[in-house]
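Visitor: Hi! Could you walk me through this protein while I look at it?
Guide: Happy to, let's bring it up.

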Amino acid sequence: MDEKQTAIQVKELEKAYKLYDKPSDRLKEALGLVRRKRYKEHYALKGVDMTIYQGETVGIIGTNGSGKSTILKIITGVLNPTKGSVEVNGRISALLELGAGFNMEYNGIENVYLNGTMIGFSKKEIDAKMDDILGFADIGDYVYQPVKTYSSGMFVRLAFAVAINIDPEILIVDEALSVGDVFFQAKCYHKFEEFKKMGKTIVFVSHDLSSISKYCDRVVLLNQGVKLGEGTPKEMIDAYKQVLVGQYPFPNEEDENLLNDKEIEAAAAAKTGKKHSETENTDSMVNPDLLEYGTKQALIEEYYITDEAGRNCSAVIKGTQCSIHMKVCFKEEICEPIFAFTIKNIKGVEITGTNTMVEKAFLEPVKAGSIKHITFTQKLDLQGGEYLLSLGVTGYEQEDFKVYHRLYDVMNLTVISDKDTVGYYDTNSKIEVIEE
C-alpha cells in the first residue's frame, strides 16, 4: 500500500499580536523609550499541529476569532508565524477574503496576469488559460474595468475563476463561496467535485456546515486559536455545535475560558430557545446556465412559482403553501406524458420532488397541438436557504423511457425561515411536556 504523501505540514504554529492600550505606547516601544512591557499578547493561534495529505479535502471550522483565516494566511505566505513551522509540497492557489492578491486600480484582465505571475506562470501559460478563466467568471465587458468598480459578486466570480483555472495542486478557499448568486455557487461546487476526482488537495474554511459535511474527508476544529480536535465531518460538526452552545467537554476549567462572548451568547440563546435567522427576499431568478435537453416532442414553454396568496415569487416562507406551475405545448401526440419537478440544494443534492405518475394525477394520452397547464401545490417545510428547481416532461413509448423536455436548475427558490431544525426538512413536531 502506497504511503500517503504530505501536502501541508503544520507544527506547533503560533501567531501572537501585540495589543497596546494607547498608540503612544507602541511608538515609545519602537523608539526604545520604555523598559517594561506596555502591551498584552493576543494569540490568534497557539500550538497548532496539522497534517494534510495529498488528495484530501480538509475543512477547518470554528467560531469567528478561532484562527481559521489566520492559519490559511500563514500557509499561503501572506502572514509570518510568531513560532512554529509550515511546510507546503505543491503549487498553491488561494482564494482568501475579497481583495487579497488583487490590485484595485487594475482591470480584470490585468489582475488575471498579476495573479498568474505571482503563482509562477509565464504570460504564454496565462494566455492559454485566459478563455477558461473568463468563461468561468462570466462577467462580460466588466473584465476591462478597474476591479474597484466591481460588485462583491463580480469580484468573487473573477477571483474564483483565476484560482481554479491555473491548475493548482493545492486549493485554499476561505468563505469565498458565500458571495455570488446561487447559480454561481452551484457551479463552484461542481468544480470542487471535479478537483476531488482529479486528486487535488483542498483546504476549505466555511461556516456552511452542510458544505463541510458533503465535501470534506476530514475536519479540524479550532477555538480561540487552539485546536480542539480533528476527525470525520460528523464528529467535528457535533463537537462544534457543543462549542456553540457552551457544552463542549473541555478537560479543565482553564480551557473553558476558550469560549468567547458570541459563544456565551449562543449558549444563553440555546437555553432560552431563541435563535437568530437572517434572510433576504429576492426577485424571481432564471438561471442563464440551465441545462436543457430532450426530443422536444413536448415543450415546457412557461414556468413560475406562486405563494399561497397566488402571487408570482421566488421566495417562499417556510411552512406555507406554494405552487409550481408549468405550461407545456405538445408538438406530437404522446401517450400518458409524465410531468415532474425536483428541488435540489446548491451542491446538487436532490432534496425532494414528485411527478404525476407517482401521484397518479394524470394518466391520459395527449393530442398534438394540445396545451396543458400543470400545477404542483404543496406545503413547503424545507429548511431556510437557497434551492434550485428542475422541471421535466417524460414518458414511456412501449418499454422505452423517453425525455421530451427537461430543464435542470431552471430557477432559484429561496425558503425564508426563522426556525431551522436538523436536516433538510422540518418534521413540525408537536411537543408536549407535562408534569406528573
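**A chat about the surface and the cysteines**

Guide: Let's start with E332, which is partly exposed, with a relative accessible area of 39%. Buried means under 20% relative accessible area, exposed means over 50%, and partly exposed is in between (1.4 Å probe, protein chains only). This is a predicted model, where local features need pLDDT of at least 70 and side-chain atom pairs count only at pLDDT 80 or more, while totals for chains, interfaces and linings use all residues. Residues are numbered from 1 along each chain as its sequence is written, and side-chain values use heavy atoms, with hydrogens and water left out.

Visitor: Okay, and where is E332 found?
Guide: E332 lies in the loop between β13 (321-330) and β14 (338-345). Strands (E, at least two residues) and helices (H or I, at least four) are DSSP runs, numbered from the N terminus.

Visitor: What about a nonpolar patch, which residues make that?
Guide: M357, L363, Y396 and F401 make a nonpolar surface patch of about 390 Å². Areas come from the Shrake-Rupley method with a 1.4 Å probe, and for residues only the protein chains shown count as cover. F401 sits in strand β18 (residues 400-416) and is partly exposed at 41% relative accessible area.

Visitor: New topic: how many disulfides are there?
Guide: Zero in the whole structure, taking a disulfide as a pair of cysteine sulfur atoms within 2.5 Å. For C322, the nearest cysteine sulfur is that of C313, 7.0 Å away.

Visitor: Is C322 buried or exposed?
Guide: C322 is buried, at 3% relative accessibility. C216 is buried too, with 7% relative accessible area.

Visitor: And E350, buried or exposed?
Guide: E350 is exposed, at 57% relative accessible area, and belongs to strand β15 (residues 350-355). E350 and Y387 are 37 residues apart along the chain, with 9.7 Å between their C-alpha atoms.

Definitions and conventions. Patch = residues over 30% accessible without salt bridge, like charges linked within 9 Å, V, L, I, M, F, W, Y side chains within 5 Å. Salt bridge = Lys/Arg side-chain N within 4 Å of Asp/Glu carboxyl O.
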